[in-house]
Structure formats: structure tokens, C-alpha cells
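Subject: Structure handover

Hello,

Here is the structure we talked about. Please open it and keep it beside you while you read my notes.

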Amino acid sequence: MTRRVLNFVAFLLLLLAAWELLVRAGAWNAVLLPAPSTVFVYLVGAARDGTLLEAALVTGRRLGVGYALGLVGGLPLGFLCARFQFARDTIGVLALGLQTLPSVCWAPLALLWFGQTEAAMTFVVVMGTTWSILLATADGVRAIPPIWVRAARTMGSRRLHTVFNVLLPGALPAIVSGFKQGWAFAWRSLMAAEIFITILTGFGLGQMLHYGRELHAMDQVLGVMAVIVGIGLLAEQILFAPAERWLRRRFGLSL
Amino acid sequence: MTNTAQLLDADLPAKLVLRGVGKTFRGNQGDVAAVEHVDLEVAEGEFVCLLGASGCGKSTLLALVAGLERPTSGEILAHGTPVVGPGRDRMVMFQEHALFPWRTVLGNVLFGLELKPGLPRRARTEVAMYYLELVGLTKFAHASIHELSGGMRQRVALARALAPNPQVLLMDEPFAALDAMTRERLYGDLQEICRKRRKTVLFVTHNVREACVLGDRVLLMTPHPGRICGDFRVELPRPRDINGVDIATLASRITTTLRAEETKDGGR
Ligand SMILES: Nc1ncnc2c1ncn2[C@@H]1O[C@H](COP(=O)(O)OP(=O)(O)OP(=O)(O)O)[C@@H](O)[C@H]1O
Ligand SMILES: [Mg+2]
């Protein structure tokens with residue numbers, strides 16, 4: 001494990017060193033693609049004066065709220081679709097259609113409905129999260145072997161007890177991968193939305209990218225991009241890696 | 001008839017009574033009469049084996065007694081009251097182990113106990129551990145299901161079925177997927193457990209010797225539609241040896257009857 005981490009770190013350092021040397025040798029115009037050291041200086045400065053942290057918090061809050069709402073909507077709807085043909089034929093089909101729509105496509109409508117407010121941003125994130133979580137949950141619950149439910153019934157499990165103690169845990173592998181996919185969609189759509197929409201109530205990472213371009217501050221653009229990658233990786237490690245480790249240990253899956 | 005068998009018949013009320021039970025499934029290729037006109041009484045503490053070829057309705061009959069399926073005709077009584085659904089007095093061990101992979105071994109055994117009212121946490125764990133000891137899996141209490149061998153899984157399933165202390169145990173070919181050696185050890189365990197805990201057992205199998213080793217009675221079933229066509233009392237002392245001469249003799253007698261019934265059926 002450490003060996004593999006070291007491999008990657010060495011590779012990254014080599015890449016950055018090559019990049020740095022090429023810029024210093026004047027291989028291209030440093031305004032278009034500044035050296036890693038310039039980006040690093042920017043990052044240190046932005047971290048010191050707090051702009052980076054503030055933007056990350058604004059973006060994080062939008063993502064957190066939208067994602068949570070997507071879960072709250074997607075999970076129960078997914079269960080409904082799994083259990084009732086009628087729900088499958090209505091909400092299920094709708095979800096299938098809407099899932100193919102990149103959720104940033106909702107941005108024009110969201111602006112019209114909510115104006116330049118946090119609600120518009122949240123809406124875009126919710127639209128990106130809900131459908132994939134709904135579909136993954138529905139598939140996962142439907143794939144549960146009926147014998148688990150029968151066994152639970154003989155032991156006295158009924159209705160809600162069955163839902164929470166058999167269907168939910170039984171579908172967990174599918175649900176977690178749905179969560180992960182929902183997260184990826186939400187993160188991408190929020191970045192797209194922040195770049196395109198200016199919201200007066202908060203200045204997120206996407207907007208920092210946008211203004212970096214306007215100001216021709218490529219060090220800012222690259223720095224913020226690095227932060228976005230970092231947050232994505234961190235979320236993966238904090239939110240999903242432990243859940244997947246647990247699933248693998250219990251279910252014995254190779255996810 | 002031995003003394004004990006007479007006693008069982010005379011003094012104790014039948015634990016399970018099936019009167020004219022039939023079950024017809026509506027399938028894609030028309031209706032299938034899985035079980036028809038089954039009359040059966042099982043006395044308290046009796047170990048009854050249901051023997052028959054694949055598809056003759058053994059699992060269906062078990063599901064009916066379990067209350068997982070409703071009969072299309074006839075009635076089923078458990079302890080004198082009609083069966084209208086599943087109940088903790090009748091626990092099932094399924095053809096496949098049906099254990100919950102998201103729970104540990106202990107967690108699986110606890111599942112039924114958690115649903116039993118008025119049982120505090122400590123007591124639940126104690127009961128579960130008692131049954132894990134009974135099936136010899138104390139050391140694996142915190143293991144995941146996928147880490148166990150097939151035989152160990154079936155023993156967990158047995159512990160899970162026993163834990164809520166049902167009066168009736170319904171077992172559907174629980175050892176079919178196991179190798180001969182593991183199976184023989186489990187025969188011993190099961191006989192020992194039933195002696196200790198005094199259960200009424202309905203045990204489905206298509207292995208004639210298995211039925212002879214375990215059963216106080218062996219019932220034969222024929223397919224299309226599933227019916228009971230023979231009733232053998234096994235009066236050999238326990239514990240029985242599956243490789244013994246007595247078992248072999250009885251098994252060949254039963255096999256002959258089964259063949260005769262099948263040819264009768266085939267001539268139809
Ligand atoms: N849910 C169902 N729907 C339709 N037909 C069914 C259903 N369950 C069972 N059957 C039919 O009922 C008959 C008896 O099935 P059952 O599973 O009880 O047989 P079995 O004796 O347990 O066989 P095996 O030894 O292979 O387990 C079969 O012909 C089967 O096709
Ligand atoms: Mg069967």
C-alpha cells in the first residue's frame with residue numbers, strides 16, 4: 001500500500017519538476033500556463049488571506065445541502081419504485097429519463113424560478129443527485145433474494161421492520177454505489193453551475209475559476225483546479241472508502 | 001409400535017394437523033397443483049421426514065405449514081389453532097442457507113430474538129451464544145457469513161432457527177449441499193439437539209438414508225400432483241448409524257415402494 005502511494009508521489013513530483021523546468025526554459029508563454037511554483041505561491045497566499053477557505057466553504061455548503069436533499073428524496077422514492085409496479089411505471093421511468101440529462105441543463109430554469117439565489121444552486125445539485133440514487137436504490141432492493149424476506153417473515157419481521165432490517169441493509173452495496181455516483185454527479189454539476197451562474201449570496205470555487213479567467217490569472221485557475229481535485233479525492237476517502245471497506249469485509253464483495 | 005410411539009400417539013395432542021390441504025400455483029403454463037389432498041398429523045416431539053423426488057411439492061408443503069403460502073384448499077392447524085401466517089412457534093431452515101450477509105454470525109442468530117418481545121439485550125446475546133455453542137460455532141460469533149464454509153453456514157442457520165425456541169422446526173433439505181462427512185456429523189448434532197430441546201420436526205429430503213437415520217416417521221410423496229403415498233415408522237434405537245445394516249434394509253424397502261409408486265404414476 002505505502003509502496004503504491006510512494007510510486008504515485010514520485011511520479012507526480014517528476015511530472016511537476018519537468019513542467020517547472022520547461023516553463024523556466026521558456027518552452028511556452030508562462031501567462032498561458034504558469035509554472036507549478038507560481039501556482040503554489042498563489043495557493044499559499046489565497047490560503048493565508050482566507051479567500052480559498054471561504055470559497056470552499058460556500059461550495060461545500062451548497063453541495064452538502066443539495067446532496068442531503070437528494071438523498072432524502074431519492075432513497076424513499078427508490079424504495080417505492082422497488083416495491084410497487086405503479087411507482088416504477090411513473091416515477092421510475094421519469095427518473096430514467098432525467099438521469100440522462102446533465103443536471104447543469106437545469107440551470108436556466110433554476111435561475112428563472114429561484115433567481116440568483118442559493119436555492120437555484122441547490123436545485124441544480126438536487127437534480128444531479130436524486131435520480132441516480134433513486135435508480136440505484138430501486139435496482140438494489142429489487143435484486144434482493146426473496147428468500148431473505150421470507151426468512152425474516154418466519155422470524156416475525158413485518159412491514160417497516162423488514163424495510164429497515166432486510167431491504168435496506170440487503171441493498172446496501174447497490175445503494176452505496178448509487179451514493180457515490182450521485183456524489184460525482186452533484187460535484188460536477190455544481191462546478192458547472194458555479195462557473196456559469198453568478199450568485200450574489202456567496203462566492204464558490206467555480207466562481208473563483210470563472211474570475212480567474214476574466215482576470216487572466218492562470219495561477220488562480222490552476223490553483224483552484226488543484227483544490228477541486230483535492231476536495232474530490234478527500235470526499236472519496238472520507239465518505240465512501242470506509243463504507244466500501246465495511247461492505248467488502250461483511251459481504252465479501254470485490255466492489 | 002414401541003411404547004414411546006404409543007405414548008406419543010395416545011397422550012399428546014398432535015402438534016401439526018393438515019386436513020385435505022391443497023395448493024395450486026397459477027403459472028405461465030397454466031395452473032400447477034403442487035400439493036393435493038394432504039392429510040397429516042404430526043405428534044409433539046415427533047421427527048417426521050418427507051421424502052420424494054424433485055418437484056413433488058415438498059418445499060411447497062413446508063411453506064404452507066410455515067404460513068409463507070396460503071393453501072388453496074383444506075386447513076392447517078398448529079397446536080390446535082389455524083395457521084394464517086408465519087409465526088415464531090414454527091421456524092424454517094431453507095434449502096439454501098438464507099443467512100443475512102450484512103450481519104455477523106451472532107447478528108444472524110440475534111435477528112429472531114430481537115423481534116421477540118420482552119427480551120432485554122443481555123438476555124438476547126446470552127441465548128444466541130448458547131445456541132452458537134450448541135452448533136459448535138462460539139469461536140466464529142463475530143465472523144462474517146462469507147468467511148464460513150457451507151457446513152458452518154448451515155449450522156448458523158440451524159442456530160438461528162432454534163434461537164427463538166420454536167416448538168416446530170421446518171427443515172427443507174438443509175444438508176443437501178454438503179459433503180457426506182459434514183452431513184453425517186450434522187445428523188449427529190441434530191439428533192442430539194432434538195433430544196435435548198424436544199422439538200417437533202418436519203424434515204424434507206430426497207435422500208432415503210438420511211430420512212431413515214433422522215426420522216421417527218418417513219412419509220413418501222409422489223409428484224403431479226404432490227401427494228403423500230406412504231408412511232413408514234422407524235423404530236430403530238438412536239443414535240443411528242447411516243452406514244448400519246438396519247438403515248440399509250429399511251432404506252431399500254422404502255426405495256422399492258417409492259419406485260413402485262413412481263411407475264404407477266408414470267403409467268398414468
Ligand atoms: N411459486 C410458484 N409458482 C408456480 N409454480 C410453483 C411455485 N412454487 C412451486 N411450484 C411448482 O410446484 C411444484 C412443487 O414444487 P416444490 O418446490 O414444492 O418441489 P420440491 O419437492 O421442493 O422439489 P425439490 O426437491 O427440487 O426442492 C413444482 O412443479 C413447481 O414447479
Ligand atoms: Mg424444494
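Start with B:Thr205. A polar atom of its side chain lies 2.8 Å from the backbone nitrogen of B:Asn207. That is a polar contact (a pair of N or O atoms within 3.5 Å; within protein, one must be able to donate a hydrogen and the other to accept it, and residues adjacent in sequence count only if both atoms are side-chain atoms). B:Thr205 sits in strand S8 of chain B, residues 200-205. Helices (H or I, at least four residues) and strands (E, at least two) are DSSP runs, numbered from the N terminus. B:Thr205 is buried, at a relative accessible area of 2%. Buried means under 20% relative accessible area, exposed means over 50%, and partly exposed lies in between (1.4 Å probe, protein chains only).

A word on the ground rules. This is a predicted model, where local features need pLDDT of at least 70 and side-chain atom pairs count only at pLDDT 80 or more, while totals for chains, interfaces and linings use all residues. Residues are numbered from 1 along each chain as its sequence is written, chains are lettered from A and ligands numbered from 1 in the order in which they are written, and side-chain values use heavy atoms, with hydrogens and water left out.

Next, ligand 1. Which residues come nearest to ligand 1? They are B:Ser54, B:Gly55, B:Lys58, B:Ser59 and B:Thr60, out of 13 residues around the ligand. A residue counts as near if one of its heavy atoms lies within 4 Å. Look at the oxygen atoms of the ligand. One is 2.5 Å from a polar side-chain atom of B:Ser54. For the side chain of B:Ser59, the distance from an N or O atom to a ligand oxygen is 2.6 Å. For the side chain of B:Thr60, it is 2.5 Å. Taken alone, ligand 1 exposes 630 Å², and the protein buries 66% of that. These areas come from the Shrake-Rupley method with a 1.4 Å probe; for residues, only the protein chains shown count as cover.

What makes up the shell around ligand 1? S2 and H2 of chain B are the elements that give two or more residues. H2(B) gives the most, with three residues. By type, the shell divides into four nonpolar, seven polar and two charged residues. Here Ala, Val, Leu, Ile, Met, Phe, Trp, Tyr, Cys and Pro count as nonpolar, Asp, Glu, Lys and Arg as charged, and the others, Gly among them, as polar.

B:Ser59 turns up again at the magnesium ion, ligand 2. The protein donors there are B:Ser59 (OG) and B:Gln95 (OE1), lying 1.8 to 2.7 Å from the ion. B:Ser59 lies in helix H2 (residues 58-66) and B:Gln95 in the loop between strand S6 (90-93) and helix H3 (105-114), so the pair ties together parts of chain B that are 36 residues apart in sequence. Donors are N, O and S atoms within 2.8 Å of the metal (3.2 Å for Na, K and Ca); water is not among the atoms, so sites may look incomplete. B:Ser59 is partly exposed at 29% relative accessibility. B:Gln95 is partly exposed too, at 37%.

Now the salt bridges (a side-chain nitrogen of Lys or Arg within 4 Å of a carboxyl oxygen of Asp or Glu). How many are there over all chains? The count is 19.

- B:Arg19 pairs with B:Glu75, with the closest N and O atoms 2.7 Å apart. B:Arg19 lies in strand S1 (residues 14-27) and B:Glu75 in strand S4 (residues 73-78), so the pair ties together parts 56 residues apart in sequence.
- B:Glu36 pairs with B:Arg227 at 2.9 Å. This one links strand S2 (residues 30-43) to strand S10 (residues 227-233), 191 residues apart.
- B:Arg233 pairs with B:Glu46 at 3.6 Å. B:Arg233 is in strand S10, and B:Glu46 is in the loop between S2 and strand S3 (47-52), 187 residues away. B:Arg233 is partly exposed at 29%, whereas B:Glu46 is buried at 2%.

Last, chain A as a whole. It has eleven helices and zero strands. Its C-alpha trace spans about 75 × 50 × 30 Å along its principal axes. Of its 255 residues, 43% count as buried.

Best wishes
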